[in-house]
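Dear colleague,

Please find the structure below, handed over for your own work. A summary of the findings follows it.

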Amino acid sequence: DRGEEGEMPDSAQNENVYLFHKLSFEGMAASYKNNDFLIFARDVYDKSRQYSGHWSGDPSASFAGLIASVKIGLRAGAMNFPIFGSDTGGYNGTPNKEVMARWLQFNAYTSMMEVLIGPNRTIWTSYDNELVTIAQTQAQAHHDLIPYTRSYAYKATQTGMPIMRAMILAYPDDASVTDTWNQYMYGGEILVAPVTTAGATSRSVYLPAGNWIDYNGKATTYAGGKSVTASAPLGTIPLFVKEGAIIPRGDILQSNNNWTANWAANLRIEVFPAASGSTSFDYYTGSTVQTITS
């Protein structure tokens, strides 16, 4: 969490930052079996990506800070830092309920969901039951997507394509998305449209060519190549999936769950079949890739 604020000479900073991450990684690797750890850092440099994830520093606890974090996440992916997160609710200041709710929704669809708690910003003591429910829903969504996210994290190590993808990376031939920052693809199947304005109950979402399904309701389809108005009350982040999408989900990481008796990993595969043709998903099991085909 340091390294760029005058603690070392500018001429040495970038190399020392990288060596610090390397040292941290090697120490953790010697201490934990099966590489069961994650290092994430605020200050990173080019070669750090092989050792560390990245979080976006200290944004303001406001919609301006949320907007900046969305942009930084997309930029991080384009620079080959695929493991990204931001302080939920921002860092500088105290987020109001709406900012915290929208940030929880955004961070659920980043590769690393970090919730900053503290005075006047602890979800279960500083806000109401509605926000507690939103936090539970989004934390569960993030956890449930670990099979999907982990598969794309592995693919990033093979191809460089990030998990959180600017629309232009996913649709390079679509001139409508050349400068789009307020929506993105999470992996190859899920289009995420964070709400970044106060008081919003809907927002415009551009759907590239093809057929799309409202992922929140799963009963409404749209023809792409145009913008649609998506419902977005406080508890909802607009999400869409492509026709043919295959999305592995489930509870495959026990982590600190000691409250579920006889816990066992559970994988669930969502399939949105195309009217014709076939689609596939390269599922990473933790050691090998298994292709799922529809």
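Which residues does Ser48 touch, not counting residues up to four places away in sequence? Ser48 touches Val17, Tyr18, His21 and Phe81, where contact means heavy atoms within 4.5 Å. Ser48 is found in the loop between β1 (40-41) and β2 (53-55); helices (H or I, at least four residues) and strands (E, at least two) are DSSP runs, numbered from the N terminus. At 0% relative accessibility, Ser48 counts as buried. Here buried means under 20% relative accessible area, exposed over 50%, and partly exposed in between (1.4 Å probe, protein chains only).

Please note that this is a predicted model, in which local features need pLDDT of at least 70 and side-chain atom pairs count only at pLDDT 80 or more, while totals for chains, interfaces and linings use all residues. Residues are numbered from 1 along each chain as its sequence is written, and side-chain values use heavy atoms, with hydrogens and water left out.

The sheet

Trp124 and Val132

Trp124 is placed in helix α4 (residues 123-126) and is exposed, with a relative accessible area of 61%. Val132, in helix α5 (residues 129-144), is in contact with Ile123 and Trp124, leaving aside its neighbours within four places in sequence. Between Val132 and Ala101 there are 31 residues in sequence and 9.2 Å in space, C-alpha to C-alpha.

Salt bridges

The structure holds 10 salt bridges, a salt bridge being a side-chain nitrogen of Lys or Arg within 4 Å of a carboxyl oxygen of Asp or Glu. One of them joins Glu26 to Lys22, with the closest N and O atoms 2.7 Å apart. Both residues lie in helix α1 (residues 10-31), 4 residues apart, about one turn of the helix. Glu26 is partly exposed at 40% relative accessible area, and Lys22 is partly exposed at 24%.

Asp58 forms a salt bridge with Arg42, the closest N and O atoms being 3.3 Å apart. Asp58 lies in the loop between β2 and α2 and Arg42 in the loop between β1 and β2, so the pair ties together parts that are 16 residues apart in sequence. Asp58 is partly exposed at 34%, whereas Arg42 counts as buried at 11%.

Lys155 forms a salt bridge with Asp282, where the closest N and O atoms are 3.6 Å apart. This pair links distant parts of the chain, with Lys155 in helix α6 (residues 146-159) and Asp282 in strand β16 (residues 280-284), 127 residues apart.

Yours sincerely
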